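Me: Please take a close look at the helix packing in this model. Which helices meet, and at what angles?

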Amino acid sequence: MSECAYKPACVVWELTLACNLKCLHCGSTSGGRRKTELSTAEALGLCGDLARTGCRGVALMGGEPFLRKDFFKIASRVRQLGMELSVITNGTIHSEEIFDNLKGLAPRAVAVSLDAARPELHDRIRGMDGAFKKSSAFIDRCLKEGLPVSVITTMHRLNIKELPGLRDLIKGRGIAWQVQTAGAEGGRFSKDLLLDAEEFYAVGLFVEACRREFSPEELPVIGAHDLGYNSGLLKNVSLYEKWEGCQAGTAVAGIRSNGDVLGCLAINDDKFVEGNVLTNSFYDIWNGPGSFRYTRGFRKEQAGGNCSACAHVETCKGGCNEMSLMKTGAIHNDPYCFFRLEKELFREDGRGIFAKKDLKPGAQPAAPALGRLARIFAGGRGKRE
Ligand code: SF4
Ligand code: SF4
């Protein structure tokens with residue numbers, strides 16, 4: 001098979017669905033292992049196949065990845081094959097072996113989930129008393145060992161007011177912070193807890209405000225893929241200067257613990273499974289001529305009603321496909337991009353939460369706008385000026 005033009009920069013691999021926590025918002029409703037979890041030999045073989053495909057980095061996650069007894073065998077193989085390693089953990093499983101081995105592997109990032117600055121709320125969201133204390137101790141120990149620590153925070157209505165507290169907890173400690181928003185896929189998550197348009201936009205404003213107030217050294221903070229695009233007010237809040245469309249199947253891929261390959265694990269829908277590594281190699285799935293058509297073969301005619309007439313559609317390709325699918329049942333149709341939201345929030349008739357005059361590309365949001373934003377974070381929703 002000839003190689004395609006795309007190379008996976010990052011493959012996110014759910015090593016196991018087993019988890020010791022019961023997080024409310026968990027998109028894959030982790031808890032028990034999948035019936036057909038890859039064996040150690042299969043997982044090690046997959047590492048070789050990822051390297052052969054030209055994969056630059058692998059992020060091992062779960063469930064809780066440290067529940068796999070062969071975790072360090074697999075992680076070591078990733079590094080031996082010259083790929084970068086990231087680990088995404090809930091931070092509640094500790095041992096000297098874990099910290100020693102992590103240090104030896106020189107990971108690109110050790111990412112720990114932290115959803116609230118108040119221990120009792122984090123524990124409630126994560127479904128385990130004492131989870132905050134354990135995860136915080138894990139972070140402290142990783143920092144002490146000189147490991148590159150990230151914190152991942154998943155936003156929904158229960159914790160949107162926690163953003164300032166988390167910022168204060170994280171800043172100045174050399175921790176990178178990724179803020180993402182919860183999706184509706186998880187079986188334990190009430191849809192009432194999803195952020196609405198104003199709350200969603202407010203998270204973007206918060207990230208931008210942090211970036212203006214603190215240097216990247218003081219507080220390196222980004223929004224995840226589903227947050228942003230073509231704002232008239234904010235810079236791109238994700239890691240990239242400009243959003244160039246969903247990277248599923250072009251630069252990123254996801255692998256489930258049973259070997260299913262998707263463009264992105266956030267798209268938790270079997271319709272988007274491109275193949276299984278027990279049937280076809282990852283190399284063949286990735287390089288298959290018909291693979292990942294929805295991103296590789298995107299044409300603007302495929303965009304949904306939210307995006308089809310947008311001036312950005314050719315580069316943006318309809319925003320985050322996971323968000324689009326969750327909110328509209330179709331891909332390339334993201335209703336929550338900042339370009340669209342600002343049209344609603346900055347309405348000419350003044351009935352949006354901001355006045356149209358506040359909308360100045362790259363400008364600091366006007367003080368009244370920030371005041372209204374502050375009220376959103378303080379739970380004062382529905383009040384308009
Ligand atoms: S409307 Fe669609 S294509 Fe336009 S910027 Fe938003 S997500 Fe992108
Ligand atoms: S579906 Fe969304 S989160 Fe997944 S790769 Fe595409 S943009 Fe990123």
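Reply: Angles here run from 0 to 180 degrees between N-to-C directions, with axes fitted to C-alpha atoms over the stretch in contact. The model is predicted.

Start with helix H4 (residues 119-126) and helix H5 (residues 131-144). Their packing angle is about 100 degrees, and their axes lie 7 Å apart. Angles of 65 to 115 degrees count as roughly perpendicular. H4 and H5 are therefore roughly perpendicular to each other. H4 brings Pro119, His122, Asp123 and Arg126 to the contact, and H5 brings Ala131, Phe132 and Lys133. By class, the contact of H4 with H5 holds 3 nonpolar, 1 polar and 3 charged residues.

Now take helix H1 (residues 40-52) and helix H2 (residues 71-80). This pair packs at about 15 degrees, with axes 9 Å apart. Angles under 35 degrees count as roughly parallel. H1 and H2 are therefore roughly parallel to each other. The crossing of H1 past H2 is right-handed. On the H1 side, the contact uses Thr40, Ala43, Leu44 and Cys47. Facing them in H2 are Lys73, Ile74, Arg77 and Val78. The contact of H1 with H2 comprises 5 nonpolar, 1 polar and 2 charged residues.

Helices also take part in the shell around ligand 1. That shell has 14 residues, and Cys307, Cys310, Cys316, Gly319 and Cys337 are the closest. Helix H10 (313-316) and helix H12 (338-345) are the elements that each give two or more residues to the shell. Sorted by class, the shell has 7 nonpolar, 5 polar and 2 charged residues.

Key
Residues are numbered from 1 along each chain as its sequence is written. Chains are lettered from A and ligands numbered from 1 in the order in which they are written. This is a predicted model: local features need pLDDT of at least 70, side-chain atom pairs count only at pLDDT 80 or more; totals for chains, interfaces and linings use all residues. Helices (H or I, at least four residues) and strands (E, at least two) are DSSP runs, numbered from the N terminus. Angles under 35 degrees count as roughly parallel, over 145 as roughly antiparallel, 65 to 115 as roughly perpendicular and the rest as oblique. A crossing is left-handed if the near helix is turned anticlockwise from the far one by less than a right angle, and right-handed if clockwise. Two residues are in contact if their C-beta atoms, placed from the backbone, lie within 7 Å. Ala, Val, Leu, Ile, Met, Phe, Trp, Tyr, Cys and Pro count as nonpolar, Asp, Glu, Lys and Arg as charged, and the others, Gly among them, as polar. A residue is near a molecule or strand if its C-beta atom, placed from the backbone, lies within 6 Å of it.
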